[in-house]
Amino acid sequence: MSKCNQHHLRAIIYDKRGRILSIGENSYLKTHRVMYSLGKAVGKPNAIYLHSEIDAILKCREIHNAYRIVVMRFTTNGYRLAKPCESCMRGINTLTPIKIIEWTTNENCQVDNGTLTDYMKVKR
């Protein structure tokens, strides 16, 4: 099994009513200019491959209604830590009105909850 197929990352964007607006998935082959710009802004210009959070944002047709994003990483052994990287946090902060970010952790398939101001270095 190649390393690319050992785990999957997905991000789901919801509106305030809990309706799914968009689903994104990591790509280990696709690059994107938005990822390049975000990576460069946080000092990681080589981080150009499309992350699930940014993929979900780019696919979302109703981004103005986006309220919550859930990021999940799962393997054959269960859920794993999927906290958005600094580039993705910056993208969520600058490209969307999202107020709640959730991600899976390694322990007991729990989901950590928090608002952007709890996890971002720059408050809105």
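This briefing describes a strand pairing, ring contacts and salt bridges in one structure.

The model is predicted: local features need pLDDT of at least 70, side-chain atom pairs count only at pLDDT 80 or more, and totals for chains, interfaces and linings use all residues. Residues are numbered from 1 along each chain as its sequence is written, and side-chain values use heavy atoms, with hydrogens and water left out. The structure holds four salt bridges, and a search of the whole structure finds one aromatic pair.

**Strand pairing**

- Strand 1 (residues 7-14) and strand 2 (residues 20-25) run antiparallel and are joined by five bridges; two strands pair if DSSP finds at least two bridges between them.
- Helices (H or I, at least four residues) and strands (E, at least two) are DSSP runs, numbered from the N terminus.
- Tyrosine 14 stands opposite isoleucine 20 in strand 2.
- The hairpin of strand 1 and strand 2 has five residues between the strands, and glycine 18 in this hairpin takes a positive phi near 90°.

**Ring contacts**

- The pair is edge-to-face because the rings of phenylalanine 74 and tyrosine 79 have their planes at 70°, with centres 6.3 Å apart.
- Rings of Phe, Tyr and Trp (its six-membered ring) pair if their centres lie within 6.5 Å; planes under 30 degrees apart count as stacked, over 60 as edge-to-face and the rest as tilted.
- Phenylalanine 74 is partly exposed at 24% relative accessibility, and tyrosine 79 is partly exposed at 30% (buried means under 20% relative accessible area, exposed over 50%, partly exposed in between, with a 1.4 Å probe and protein chains only).
- Arginine 68 lies over the face of tyrosine 14, at 4.2 Å from the ring centre; a charge sits over a ring if NZ of Lys or CZ of Arg is within 6 Å of the ring centre and within 35 degrees of the ring normal.

**Salt bridges**

- A salt bridge is a side-chain nitrogen of Lys or Arg within 4 Å of a carboxyl oxygen of Asp or Glu.
- Arginine 10 and glutamate 25 form one of these through their side chains (2.9 Å, N to O). Arginine 10 lies in strand 1 and glutamate 25 in strand 2, so this pair ties together parts that are 15 residues apart in sequence.
- The side chains of aspartate 15 and arginine 19 meet at 2.7 Å, N to O, in a salt bridge; aspartate 15 is buried at 5%, whereas arginine 19 is partly exposed at 44%.
- Aspartate 55 and lysine 59 also meet in a salt bridge (3.2 Å, N to O). These two residues are four residues apart in helix 2 (residues 52-59), so about one helical turn separates them.
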